[in-house]
Amino acid sequence: MSKWIEVRRKSVLPWYFAGLVWLVGALALPIYQLWALVVVAVLSVVGFVAARRVCPDVVTRKEVPFMTGKEDADQMLALIDQKRRELHELNVRIEDAPLSAAMDRMEKACLGILNEVEQHPEKAAQVRRFANYYLQDAVKILTLYAELEEKGVQGENAAGVRAEVAQNAQTIATAFENQLDSLFARDALDISTDLEVLNGMLKGQGLVD
């Protein structure tokens, strides 16, 4: 998913060279006089332009998680991917098998959403609420569960929290999967319409009954 982009920026050496011209000019000429000041200024500009042509641009490579061409979509995808990674880490910490299985489903759904929106950034608006609320709440709840487990907290309240989280994990996973499935609703409609048109054409040509 991550990509490398080249960031190109102008070299700062021409500015240093222009500054050096001023330094040398101040030492060699009476720049308190107008003519000398003009000469040094002109030489610094000439030197700057010449150095700009000679000094190559500085090119650095920068890794970006996503590059869809839409900044808001890239930011949202980065957030989903961050929470997906947190889900994975939590899954490693949590030993409850049924809960872990539900978290596997959540992570798989997140990956599907990431892949689909990255390929079709126009669908980003469909998962904005999921990214900003549902996914973050799920991670928050599961983090609390993991902390209670690791700290060995006992008592009625802690047991109630763990039981409630475990009980609702499958429902949350199903909601994640439904969010992924909703991204293909328009595609399914388009395919259905295309098939109807195709069948009509085939029947019109007498190629099918």
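## The nonpolar core

Leu87 and Phe176 touch the most other members of the largest nonpolar core, which has 33 residues. A nonpolar core is a set of buried Ala, Val, Leu, Ile, Met, Phe, Trp, Tyr and Cys residues joined through side-chain atoms within 4.5 Å; buried means under 20% relative accessible area, exposed over 50%, and partly exposed in between (1.4 Å probe, protein chains only). At least two residues of this core come from each of α3 (71-93), α4 (97-119), α5 (128-151) and α6 (156-182). With nine residues, α4 gives the most to this core. Helices (H or I, at least four residues) are DSSP runs numbered from the N terminus, as are strands (E, at least two).

Leucine 87 is in contact (heavy atoms within 4.5 Å) with Met103, Met106, Glu107, Cys110, Leu135, Val139, Leu142 and Phe176, leaving aside neighbours within four places in sequence.

## Basis of the model

This is a predicted model, in which local features need pLDDT of at least 70 and side-chain atom pairs count only at pLDDT 80 or more, whereas totals for chains, interfaces and linings use all residues. Residues are numbered from 1 along each chain as its sequence is written, and side-chain values use heavy atoms, with hydrogens and water left out.

## Glutamine 179 and the cysteines

Glutamine 179 lies in helix α6 and is buried, at a relative accessible area of 14%. Not counting residues up to four places away in sequence, glutamine 179 touches Ile113, Gln126, Val127 and Phe130.

Cysteine 110, a contact of leucine 87, is buried with a relative accessible area of 0%. Cysteine 55 is also buried, at 18%. The structure holds zero disulfides, a disulfide being a pair of cysteine sulfur atoms within 2.5 Å.

## Helix α1 and the annotated spans

Helix α1 (residues 13-28) has 16 residues and reaches 22 Å from its first C-alpha to its last, close to the 22 Å expected at 1.5 Å a residue; the expected span is 1.5 Å times one less than the number of residues. Its buried residues are Pro14, Ala18, Val21 and Gly25. Seen down the axis of α1, these fall within an arc of 50°, so they line one face of the helix; the arc is that of the directions from the helix axis to the C-beta atoms. They pack against α2 (34-54). The face turned away from the buried side carries the exposed residues Trp15, Tyr16 and Leu27.

An unreviewed UniProt entry annotates residues 12-29 and 35-55 as "transmembrane region"; such annotations may be inferred rather than shown by experiment. Residues 12-29 are 89% helix and 0% strand, with end C-alpha atoms 26 Å apart. Residues 35-55 are 95% helix and 0% strand, and their end C-alpha atoms lie 30 Å apart.
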